[in-house]
Amino acid sequence: MKIALLPAAGSGSRMASLTPKQYLDLAGKPLIWHTLAALARVSELDRIVVVISAEDEWWDGFDWSGFKQLEVLRCGGASRAQSVLNGLLALHAAADDWVLVHDAARPCVDPALVRQMIQELEHHPLGGILALPVADTLKLADSAQQIQHTHPRDGLWQAQTPQMFRVQQLAKALASGMGPDITDEASALEKLGLQPKLIMGSPWNLKVTYPQDLRLAELILAAGDDQETK
Ligand code: C5P
């Protein structure tokens, strides 16, 4: 069994908006609608599960009836890692089911890339993540926003999602390693000395974080629609 789990319990504090970013309008639909539409096209996924906050007042205001396999869990936590862990514990999945954790805030993920990732990882002993090799030169800043030094970028990758692991192994890693340093699923497994696989991601798979990212996401989605109609 393969399950997509979307943490969507964040408040989106960097978006300067009262509406959590997963519900901001993107091409006439809430942002997370596009994320769900992309994952719904991955036929290998048996379940698609969204984790929202118990206090979420937005979800019920939208029409989700177009999504057949969609399940909603109102068990979000104070951090992304806690939302994922709460979701895993509420899934009632088998220990060795695969879970693909995907940020609700990455609406432009390419279904073909997710399928490819599943093919590459489904016989892997641990699992892995989509990621991109760092292209820019990296600077470490001091508190006055001056450059302290240039950090070598060799071997550095930027983590994306989905991140694909076994349900029980990921839940145990998150439960034992919970802390501010756990900003994705892979980091919880790394803390146990394990080495998740890096699968080449895509620059289009951006995470909507700042207001200007919405415009970029809209352009990427429009370009994708264009391709499909050709
Ligand atoms: O804030 P950030 O962009 O890192 O959030 C990544 C994803 O994690 C988003 O989809 C957000 O809704 C989710 N999240 C969550 N629970 C939190 C914080 C973030 O599910 N407490």
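Gln 145 is found in the loop between strand 8 (138–141) and strand 9 (147–151). Its phi is near 55°, a positive value in a residue other than glycine. At 74% relative accessibility, Gln 145 counts as exposed, because the cut-off for that class is over 50%. The model is predicted.

**Backbone geometry**

- Ala 27 also has a positive phi in a residue other than glycine, near 50°.
- Ala 27 sits in the loop between strand 2 and strand 3 (29–30).
- Ala 27 has 47% relative accessibility and counts as partly exposed.
- Thr 161 and Pro 162 are joined by a cis peptide bond, with omega about 10°.
- Pro 162 belongs to strand 10 (residues 157–166).

**Ligand site**

- The ligand is surrounded by 16 residues.
- The closest are Pro 7, Ala 9, Lys 21, Gly 77 and Ser 83.
- By class, the shell has six nonpolar, five polar and five charged residues.
- Ala 9 places a backbone N or O atom 2.8 Å from an oxygen atom of the ligand.
- Gly 10 places a backbone N or O atom 3.0 Å from an oxygen atom of the ligand.
- For Gly 77, a backbone N or O atom lies 2.9 Å from a nitrogen atom of the ligand.
- Taken alone, the ligand exposes 460 Å², and the protein buries 85% of that.

**Ser 53**

- Ser 53 lies in the loop between strand 4 (47–51) and strand 5 (70–73).
- Ser 53 is at 18% relative accessibility, so it counts as buried; the cut-off is under 20%.
- The Ser 53 side chain reaches the backbone nitrogen of Glu 55 at 3.0 Å.
- Not counting residues up to four places away in sequence, Ser 53 touches Ala 9, Arg 74 and Gly 76.

**Aromatic pairs**

- The structure holds five aromatic pairs.
- The rings of Tyr 23 and Trp 58 are stacked, because their planes are at 15° and their centres are 6.1 Å apart.
- Tyr 23 lies in the loop between strand 1 (2–7) and strand 2 (25–26), and Trp 58 in the loop between strand 4 and strand 5, so the pair ties together parts that are 35 residues apart in sequence.
- Tyr 23 is buried, at 4% relative accessibility.
- Trp 58 is partly exposed, at 31% relative accessibility.
- Phe 62 and Trp 64 form an edge-to-face pair, 5.9 Å centre to centre with 65° between the planes.
- Phe 62 is partly exposed at 30% relative accessibility, whereas Trp 64 is buried with a relative accessible area of 10%.
- Ring pairs link Tyr 23, Trp 58, Trp 59, Phe 62 and Trp 64 into a cluster.

**Helix 1**

- Helix 1 (residues 31–40) is mostly covered, with seven of its ten residues buried.
- The buried residues are Leu 31, Ile 32, His 34, Thr 35, Leu 36, Ala 38 and Leu 39.
- An α-helix has 3.6 residues a turn, so residues three or four places apart point the same way.

**Leu 91**

- Leu 91 lies in the loop between helix 2 (80–90) and strand 6 (98–101).
- Leu 91 is buried, with a relative accessible area of 3%.
- Leaving out residues up to four places away in sequence, Leu 91 touches Ile 3, Leu 5, Arg 47 and Val 49.
- Leu 91 and Lys 172 are 81 residues apart in sequence, and their C-alpha atoms are 14 Å apart in space.

**Ser 202**

- Ser 202 is found in the loop between strand 11 (197–200) and helix 6 (211–229).
- Ser 202 is buried, with a relative accessible area of 13%.
- The Ser 202 side chain reaches the backbone nitrogen of Trp 204 at 3.0 Å.
- Beyond its neighbours within four places in sequence, Ser 202 is in contact with Leu 113, Leu 132 and Gln 160.
- Ser 202 and Asp 63 are 139 residues apart along the chain, and their C-alpha atoms are separated by 30 Å.

Technical notes: Residues are numbered from 1 along each chain as its sequence is written. This is a predicted model: local features need pLDDT of at least 70, side-chain atom pairs count only at pLDDT 80 or more; totals for chains, interfaces and linings use all residues. Side-chain values use heavy atoms; hydrogens and water are left out. A residue is near a molecule or strand if one of its heavy atoms lies within 4 Å of it. A polar contact is a pair of N or O atoms within 3.5 Å; within protein, one must be able to donate a hydrogen and the other to accept it, and residues adjacent in sequence count only if both atoms are side-chain atoms. Accessible areas come from the Shrake-Rupley method with a 1.4 Å probe; for residues, only the protein chains shown count as cover. Ala, Val, Leu, Ile, Met, Phe, Trp, Tyr, Cys and Pro count as nonpolar, Asp, Glu, Lys and Arg as charged, and the others, Gly among them, as polar. Helices (H or I, at least four residues) and strands (E, at least two) are DSSP runs, numbered from the N terminus. Buried means under 20% relative accessible area, exposed over 50%, partly exposed in between (1.4 Å probe, protein chains only). Contact means heavy atoms within 4.5 Å. Rings of Phe, Tyr and Trp (its six-membered ring) pair if their centres lie within 6.5 Å; planes under 30 degrees apart count as stacked, over 60 as edge-to-face and the rest as tilted.
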